[in-house]
Structures are given as C-alpha cells and as structure tokens.
Amino acid sequence: MKKYIAIALLTLLTSCAPSNSTSPLNTTPEATEGTSTVSHSSPKVYVSIVTHVEEAGHYEENESMFNRSRKELVSFAQMLHEEGVAFNYQSDWTFLLAATKFDKGDESTNGKNFLRYFKEDLGFEIDPHAHETKYNYADVAYLIKELGVEPSNIVGGFLAAPAGDSKLDYLQNEINGNIYDYSWQAEVLWGGAVRGHQNESDIWVSGIWRPKDAENFTEDGGTLPDIGGYYNTWEGLDYLLTQDLDPNKIYTQTIFMGQANLNEEVINEFREEIQKRKSDDRIEWVGLAEVIDIWESEYGSETNILKYDGDATGGKERSDKKETTVSSEKCGDGICDEIEKKICSEDC
Ligand SMILES: [Zn+2]
C-alpha cells in the first residue's frame with residue numbers, strides 16, 4: 001500500500017509531446033569520443049507532457065467508467081495534437097486490460113482502439129507504468145502489445161528513495177511477467193518518487209544522468225539514463241526558465257496531468273497554458289524517447305543535473321503534495337486514504 005501511494009504521488013510530483021524544434025544555429029561539432037555534440041547558441045528546455053492512469057481505478061470491471069475516461073483522454077490527446085506538442089501516455093494495467101475488453105474503436109479514434117490511435121494517428125509515445133502490486137512492468141508492456149502497439153523501454157515512474165525502497169537495482173535487469181509469459185527490459189528511466197514524499201524536492205532534477213545507486217540517486221555514475229521531470233507543473237517550467245541555463249547542457253522538464261483529473265475545463269486550461277508559451281523559443285516540446293535521441297545526438301550524452309532549489313509556489317505547498325487535504329479532483333490517483341475512502345470510490 002505504501003509503495004503504491006508513493007508511486008501514485010510520484011506521478012504527481014515528478015511528473016510529455018512532436019517537437020517544434022528548430023535546428024541549432026551553430027553546428028560546430030566538438031570532438032567527443034564516439035559521440036557528437038552540437039553547439040547551441042541559446043539554452044533549450046525540453047518539455048514533455050506525461051499522463052498516468054493508476055491501477056486503483058478498476059476500469060477492467062466497469063465498461064461505462066472506462067468509456068467515460070477514454071472520452072476525456074482522447075479529447076486531451078487531440079487537443080495536444082492540435083497544439084503541435086508531444087505526449088507520453090503511461091498507463092498501469094487496469095485501464096489497458098479494460099481496453100483489451102471494451103475498446104473496439106469508434107469514430108473519434110478512426111475506428112482504432114485509443115492506444116493505436118495515439119501511436120499511429122497522433123504520433124505519440126506509449127510507455128508502461130506499473131506500481132507492480134500485481135501486474136509488473138513486463139505485464140503492462142504485454143498489455144500494450146496486445147493492443148497493437150510496441151511498448152517503449154521507458155520506465156514510466158518508479159520509487160527512487162529512500163534508498164531502502166529504491167527500485168533502481170531491480171530495474172537494471174530484465175523483468176519477467178507475473179501474469180503473462182513475457183519479458184521486458186528497461187532502457188531509460190523517467191522521474192523517480194520518494195516514499196512518503198519526505199524531502200521529495202531533493203530528487204527533482206532537470207537534465208539527464210545515470211543515477212549512481214540507491215544511496216546516491218542524483219549523482220551520475222550508473223547505467224540507465226534518467227530523464228528528470230524537475231518540478232512537474234507549469235510553475236516549475238516557468239521557474240526553470242528563470243535559471244542561469246548553459247546552452248550546451250540539456251535541461252528537461254515534465255508537465256504531469258493525471259487522467260482522472262481530465263475534464264473539458266481542465267483540457268481548455270491546459271491548452272491555454274501551452275499557447276501562452278508557444279512563442280518562447282527556449283522551449284522544445286518533445287516526447288521522452290525523442291529527448292533521449294536529442295541528448296545523444298546533440299549533447300553527446302553528457303550528464304546534466306540541475307536540482308530544483310526554488311519555491312515555485314510562492315511559499316504555498318503544492319496542492320497535490322498535501323496528503324491530508326484531499327479533494328474530489330484527486331480521485332483516480334490510486335490513493336485510498338481515510339478521506340478518499342469517503343469520496344473516491346474509484347481509488348478504493
Ligand atoms: Zn501511478
């Protein structure tokens with residue numbers, strides 16, 4: 001249960017889109033062994049929009065709940081596509097299993113199930129996301145495949161701290177399914193959560209690095225690259241853009257949106273937030289696999305770790321960090337605490 005809370009909140013705390021990338025003005029290659037780098041004349045922030053749907057919502061048992069959530073999700077994805085931004089969709093098992101049962105495709109998705117539509121028609125990235133209480137990463141990847149989409153090898157969320165809870169070692173090795181005869185190997189990590197959210201901001205990083213080990217998560221020296229989500233809200237992005245950024249280092253940031261929070265108003269507000277920033281040429285809207293490619297091809301796979309050190313909320317605790325103050329908009333985050341028991345049937 002605790003593990004599960006931590007990962008659910010991780011998703012909120014750490015928290016993806018095609019790129020409007022323009023070619024760098026300077027393309028002087030630097031001699032780096034086996035890699036190439038591009039000299040950038042101005043700093044870039046690579047922003048990814050990520051959505052999770054948690055395992056606690058038992059969509060696989062409730063077709064109407066699945067259909068309602070699918071409709072909001074498709075509408076959100078279409079808005080992102082209209083705005084020309086990329087998107088990483090990361091679902092745990094219940095919504096995917098529901099899709100294998102209920103999603104026959106309809107007019108809104110060109111007759112395809114929603115996942116194939118996201119991948120084939122909208123060009124979005126599909127990553128597994130697993131709390132692993134029952135279905136593990138390989139099982140979730142299998143369900144993605146069952147729906148006709150090749151799963152990525154990006155870990156869509158994991159426990160990073162404290163060290164005793166860290167899944168870093170576990171994720172280095174091939175994972176065999178608990179439910180299905182299928183195996184999956186992680187190649188890239190995204191985000192990272194802290195159990196109980198104590199000192200969570202300690203692991204909010206912009207940049208890409210290879211976490212050294214469970215004790216030294218935000219130090220480089222390990223194997224799997226991790227794409228930092230920084231402080232994963234629009235405020236976090238605005239804060240990052242106020243920092244002294246080096247044009248030759250990679251900066252990443254995630255805007256996280258929980259599927260259960262989607263409705264027409266939220267989708268419209270999200271569109272406005274994108275539009276406000278569309279003219280900022282420091283921002284590149286990228287998918288997570290895309291930013292890894294950019295890191296390799298333009299930044300020579302060189303580590304950058306910029307820890308969040310600010311107070312993007314102006315002194316107020318972020319609303320999604322308060323575990324005691326839960327509103328109905330938090331329903332669907334996979335957390336069933338004393339308060340949610342009363343108001344969030346889908347989480348309990
Ligand atoms: Zn989750």
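A crossing of two helices is called left-handed if the near helix is turned anticlockwise from the far one by less than a right angle, and right-handed if it is turned clockwise. Helices (H or I, at least four residues) and strands (E, at least two) are DSSP runs numbered from the N terminus.

The model is predicted, with local features needing pLDDT of at least 70 and side-chain atom pairs counting only at pLDDT 80 or more, while totals for chains, interfaces and linings use all residues. Residues are numbered from 1 along each chain as its sequence is written, and side-chain values use heavy atoms, with hydrogens and water left out.

**Exercise 1.** Describe how helix α2 and helix α8 cross, and which residues make the contact.

Solution. Begin with the axes, which are lines fitted to C-alpha atoms over the stretch in contact, with angles running from 0 to 180 degrees between N-to-C directions. The axes of α2 (residues 63-83) and α8 (residues 264-277) come within 10 Å and cross at roughly 15°. Therefore α2 is roughly parallel to α8, a class for angles under 35 degrees, whereas over 145 is roughly antiparallel, 65 to 115 roughly perpendicular and the rest oblique. As for handedness, α2 passes α8 in a right-handed crossing. The contact (heavy atoms within 4.5 Å) is made by Glu-72, Ser-75, Phe-76, Met-79, Leu-80, Glu-82 and Glu-83 of α2, and on α8 by Glu-264, Ile-267, Phe-270, Arg-271, Ile-274 and Gln-275.

**Exercise 2.** Carry out the analysis for helix α3 and helix α5.

Solution. The axes of α3 (residues 93-102) and α5 (residues 137-146) come within 9 Å and cross at roughly 30°, so that α3 too is described as roughly parallel to its partner, α5. Here the crossing of α3 past α5 is left-handed. Trp-93, Leu-96, Leu-97 and Thr-100 of α3 meet Val-140, Leu-143, Ile-144 and Glu-146 of α5.

**Exercise 3.** Is Thr-218 buried or exposed, and what does its side chain contact?

Solution. Locate Thr-218 in the loop between β11 (208-209) and β12 (226-227). Its relative accessibility is 16%, so Thr-218 counts as buried (under 20% relative accessible area; exposed is over 50%, partly exposed in between, with a 1.4 Å probe and protein chains only). The Thr-218 side chain makes a polar contact with the side chain of Lys-307 at 3.2 Å, where such a contact is a pair of N or O atoms within 3.5 Å, one able to donate a hydrogen and the other to accept it, and residues adjacent in sequence count only if both atoms are side-chain atoms. Not counting residues up to four places away in sequence, Thr-218 touches residues including Trp-209 and Ile-305.
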